[in-house]
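Open the model in your viewer and keep the selection panel at hand. The stops below say what to select and what to look for there.

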Amino acid sequence: MEKYPGEALSLEEMKKVTQEKWSPRVKYAWSCGEAMSRFLNELKKGKLIGRKCHTCGRVIFPPKMFCEICFKPTDEWVYLPDTGTVMTYSASYLDKDANRITEPILVGVIAIDGASEDMGIMHYFGEMTADEITFGKKVQAVWKPEKERTGSVTDIKWFKPLKE
Amino acid sequence: MEHVACVGAGMTIFSRRLKETGKEMCYEAVRMALEEAELELKDIDTVVCGTAPDAFDGIHMKGENLLDGCGGSKKTYMRVFTGGGTGVLAPIAGWWHVASGLSDVCLVVCEEKMSSCFPHPQSAFAHIWDPILERPLNPNLVWIFAMEMNRYMHVHNIKKEDIALVSVKNKKNALDHPSAQLAANITVDDVLNSEVMAWPVQRLDISPPSDGAAAMIFAREDVVHSITDNPVWVEGVGWCIDSTMWTNRDLYFPQYVAKAAKMAYRMAGIHNPFKDIDVAEPYDPFDYKELHHMEGLLLCKKGEAANLTKEGVTQRDGDLPTCPSGGLLGVGNPIAATMGVKACEIYWQLAGKAGKRQVPDARTGVCQAWGDLMQYGSVMVMRS
């Protein structure tokens with residue numbers, strides 16, 4: 001077969017074909033569950049918390065009430081420092097809707113100190129340029145003032161270079 | 001377990017926007033597959049539909065919506081969906097319908113129409129992030145790929161210019177594909193000078209959103225020979241998924257792809273994938289992903305895929321041609337419908353029906369797809 005089926009349209013041509021339009025109008029509210037509720041409430045206090053599994057010995061962060069490997073309940077709450085290590089990063093010129101932005105969003109994965117290997121979260125970097133972010137760099141959370149905290153991951157503004 | 005062969009395939013062109021509706025795209029791909037197999041819809045007893053997030057089309061229960069175009073009405077029908085992994089999981093589901101002995105002839109149809117979501121389908125991708133840990137940070141899906149690519153480059157000390165060679169190769173291969181959306185002769189410099197989207201991902205490192213559909217027909221051994229004298233047998237299948245918590249693993253190596261590949265190779269009796277496989281279609285939504293997945297498919301050692309590419313091993317006339325179709329980078333990335341450049345391509349290659357894209361003397365091939373939140377791998381090995 002030489003020609004495969006289908007008729008490609010340009011953006012302009014697309015506007016001229018017969019169309020029906022619709023916008024969804026729905027809202028969601030999620031129950032956060034036991035582990036995430038405690039995690040978010042601790043963020044409000046400026047603290048990071050994980051869960052320890054006594055069977056495999058892992059400190060799980062972000063916390064879970066069950067260990068997905070041992071498939072048993074996790075055993076205890078463990079406070080963790082608000083410092084960690086840069087596992088990977090990006091400087092994004094795209095916002096969430098793929099709009100182009102000129103000031104890049106610095107984002108990465110931070111493995112939190114005191115948790116088991118590779119236990120990281122995604123977050124922003126600040127108080128440094130894209131060129132200053134490196135693999136293995138030690139970083140520390142910068143918290144919003146207590147009054148502005150709402151119990152959200154955004155209670156941490158970003159992670160900044162750790163001054164030893 | 002029944003021995004199962006693919007006896008026909010079809011696909012639409014891939015385009016940023018297609019005039020056809022989802023149902024019409026499915027119909028066109030199915031017609032093409034039926035014509036290749038010289039079958040009619042009445043010869044099909046089961047139908048599998050693969051299609052990815054409902055949010056793109058804005059239609060929930062999309063599998064049901066597409067039913068008529070898939071030829072599934074009043075038949076045994078189901079939809080499967082594992083994000084980008086659907087492109088190979090859907091034909092695996094077709095295989096298990098037949099291998100189980102439940103079906104004589106199963107039709108698999110994959111569809112995606114991303115253009116219905118405007119101004120950009122990226123807005124619909126926002127719905128896949130964790131609502132508590134990730135969505136408050138307003139992430140863009142490209143971010144995680146950028147972070148994975150960066151980690152992969154860092155661990156193996158791989159240069160961007162070596163990764164760019166994948167994009168150059170696949171977009172060039174796509175010049176020979178009638179469905180191609182982004183076929184082009186480009187250079188490494190074109191990739192390196194293209195717009196930075198989320199470092200290290202640049203515009204020409206990435207495949208486009210697309211509309212498209214693809215279809216495949218699988219049949220049981222005792223009816224295969226009445227349909228065709230050129231069947232392509234499914235010899236091995238595998239699939240595996242890692243945790244949604246992608247921040248809780250080292251991203252440099254896709255262990256879940258390796259597990260899926262080992263499952264498929266064990267079934268196919270493949271002990272040395274590099275030597276035993278003649279043609280491969282690893283999932284390539286980004287240029288680094290082809291390399292990442294070659295390593296996940298155990299086609300080379302960890303960190304070696306970029307060198308193989310540089311040495312020309314993965315060109316169509318090399319020892320291990322990868323993405324001879326032009327892949328997602330060159331032909332397009334209509335999520336589930338990428339079956340057309342993965343499973344369908346390996347079928348056409350092994351049946352000797354790949355036209356200008358034909359890899360000489362290809363007897364054993366592997367295709368793979370990848371998806372969900374950087375956590376899913378599906379693998380199929382076929383032999384002629």
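**Before you start**

This is a predicted model: local features need pLDDT of at least 70, side-chain atom pairs count only at pLDDT 80 or more, and totals for chains, interfaces and linings use all residues. Residues are numbered from 1 along each chain as its sequence is written, while chains are lettered from A and ligands numbered from 1 in the order in which they are written.

**Stop 1: chain A as a whole**

Select chain A. Two helices and 10 strands make up its elements; helices (H or I, at least four residues) and strands (E, at least two) are DSSP runs, numbered from the N terminus.

Now zoom out. The C-alpha atoms of chain A fill a box of roughly 60 × 45 × 40 Å along the principal axes. The radius of gyration of chain A is 22 Å, whereas a compact globule of 164 residues would be near 15 Å. That radius is taken over C-alpha atoms, and the globule rule is 2.2 Å times the number of residues to the power 0.38.

How much of chain A is buried? Buried residues are 31% of its 164 residues. A residue is buried if 20 or more other C-beta atoms lie within 10 Å of its own, exposed if 12 or fewer, and partly exposed in between, with C-beta atoms placed from the backbone.

**Stop 2: the three-stranded sheet of chain A**

Select β1, β2 and β5 of chain A. They form an open antiparallel sheet in the order β2-β1-β5. Strands pair if DSSP finds at least two bridges between them. β2 (59–60) and β5 (76–80) of chain A each have a single partner strand, so one side of each lacks a neighbour in the sheet. Five bridges join β1 (residues 48–52) of chain A to β5(A). Pick A:Gly50 in the viewer: its bridge partner in β5(A) is A:Val78.

**Stop 3: a positive phi**

Go to A:Glu127, in the loop between β8 and β9 (138–143) of chain A. Phi of A:Glu127 is near 60 degrees, a positive value in a residue other than glycine. Most residues other than glycine have a negative phi. A:Glu127 counts as partly exposed because it has 14 C-beta neighbours inside 10 Å.

**Stop 4: where the chains touch**

Show both chains. The contact takes 45 residues from chain A and 44 residues from chain B; two residues are in contact if their C-beta atoms, placed from the backbone, lie within 7 Å. On the chain A side, β6 (83–94), β7 (100–112) and β8 (120–124) give two or more residues each. β6(A) has the largest share, eight residues.

Colour that side of chain A by class: 28 residues are nonpolar, nine polar and eight charged. Here Ala, Val, Leu, Ile, Met, Phe, Trp, Tyr, Cys and Pro count as nonpolar, Asp, Glu, Lys and Arg as charged, and the others, Gly among them, as polar.

Which strand of chain B pairs with β6(A)? Strand β5 (residues 196–199) of chain B does, in the antiparallel sense over two bridges. A:Ser92 has B:Ala198 as its bridge partner.

**Stop 5: the sheet of chain B**

Nine strands of chain B form an open, mixed sheet in the order β3-β2-β4-β7-β1-β8-β11-β10-β9. Its edge strands are β3 (76–80) and β9 (279–281) of chain B. Select β1 (residues 4–11) and β7 (residues 211–220) of chain B: seven bridges pair them in the antiparallel sense. B:Cys6 stands opposite B:Phe218 in β7(B).

**Stop 6: the core**

Select B:Val109, B:Met216 and B:Tyr347. These have the most contacts inside the largest nonpolar core, which has 156 residues. Such a core is a set of buried Ala, Val, Leu, Ile, Met, Phe, Trp, Tyr and Cys residues joined through C-beta atoms within 7 Å. Helix α6 (residues 141–156) of chain B gives the largest share, 10 residues. Around B:Val109, the residues touched include B:Cys26, B:Val47 and B:Ala213.

**Stop 7: two cis bonds**

Finish at two prolines. A cis peptide bond joins B:Phe118 and B:Pro119, with omega about 0 degrees. The bond from B:Trp199 to B:Pro200 is also cis, with omega near 5 degrees. B:Pro200 is in the loop between β5 and β6 (201–202) of chain B.

How values were computed
Lists of a residue's contacts leave out its neighbours within four places in sequence.
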